[in-house]
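Subject: Structure for you to look at

Dear colleague,

I am handing over the structure below, and I would be glad if you read the notes after it with the structure open beside you.

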Amino acid sequence: MSLNLPSRRLLRSAAPLTISHPPIAFLVPLYTNQRRSLWDNFSKRLDSARRMFSPDKAPKNPLTEEYLKKKSDAQRQQAERGDLAKSSIFEDEDSRGKRDEENKVIPRNPEIMARSLDPNPNATLRWKRKMVIQDVKKRGRLTKDQTLKRTERVLLSKSHDFKTSVKKLVPLAKQIAGKTVEDAIIQMRFSKKKVAKDVKEHLEHARNEAILKRGMGLGKVERKSTENFKTRYIVTKDGKRVKVEDPTTLYVDEAWCGKGDWTRSYDFRARGNVNIMKNRTTSISLVLKEEKTRIRLHEEREEKLKNKKVWVQLPNRPVTAQRQYYSW
């Protein structure tokens, strides 16, 4: 039995049977995660690093080699490792004796010490030469400031930051300025201000520091300096009358305040409102001097007043700007 179909239809129906399609697995994309770690090719990296930093292939510097040759053995000594102190309770008697035998005191080398003590010796020599030239020019005469620094003692002491503002601390600084240290301590002792306690502690600290570091206020101990001194009254620059019994008594010559760091704190209010507050800090600086200085200033003011010329209502002046005609 024969099938009557057109040749065109027969070719179209046979085409899909002859074409070869790829399998479905090749049509689906492959999603593979590529992961790398530090240990990939680690051996190759290690070998390359060893070759790079090997001492055989390191670049040689002729200047460095020459410097190392000239360097003495004492300068090449490396820092020794630390050990326990001799008075340590964690040390055994046996190890202590062995360590004393092994450790030997190395004498100091002034050449090595000069590097840290005097890093620029040429500049030091130039400065000394300059000072000698100035001394020769002035023929050994001292200026007024140099003389005062040699004869009078001064101490500047700055406190740590107090938890207060400048506005609150300035009145206390004005209150103690010009008073003796003992009177200022009494004022701060009975003051109602909260920060007065800190100011009192700093006054005591400054007094102790002046006695130890500067040797101030030792008139009662060293009676030689106060034997021939008689009690006298002086007038300060503010016009106050002060009684001086001991020329070495300490007094507060200057007192000022300085702003410090500040922090923030939150003040939570109603309806979700928050106020940001500044917590300010302030320091106080004191300049302590002896009554000798105040006596000298009083005498200088009196001497200046004596040398002042008497005021005259119509002083004798040379006649100037004269003409032969009237000016009116």
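The axes of α9 and α11 come within 11 Å and cross at roughly 40 degrees, where axes are lines fitted to C-alpha atoms, for helices over the stretch in contact, and angles run from 0 to 180 degrees between N-to-C directions. The two helices, α9 and α11, are therefore oblique to each other (angles under 35 degrees count as roughly parallel, over 145 as roughly antiparallel, 65 to 115 as roughly perpendicular and the rest as oblique). Leu169, Leu172 and Ile176 of α9 meet Ala196, Val199 and Leu203 of α11, contact meaning heavy atoms within 4.5 Å.

Please keep in mind that this is a predicted model, in which local features need pLDDT of at least 70 and side-chain atom pairs count only at pLDDT 80 or more, while totals for chains, interfaces and linings use all residues. Residues are numbered from 1 along each chain as its sequence is written, and side-chain values use heavy atoms, with hydrogens and water left out.

Turning to α10 (residues 181-189), Val181, Ala184, Ile185 and Met188 are buried there, that is, under 20% relative accessible area with a 1.4 Å probe and protein chains only. They cover an arc of only 100 degrees around the axis, which puts them on the same side of α10. Among the elements covering these buried residues are α9 (166-176) and α11 (196-214).

The axes of α9 and α10 come within 9 Å and cross at roughly 145 degrees. Leu172, Gln175 and Ile176 of α9 make this contact with Ala184, Gln187 and Met188 of α10.

Best wishes

Key. Buried < 20%, exposed > 50% of the residue type's maximum accessible area, 1.4 Å probe, protein only. Helix = DSSP H or I, 4+ residues; strand = E, 2+ residues; numbered from the N terminus. Arc of directions from axis to C-beta.
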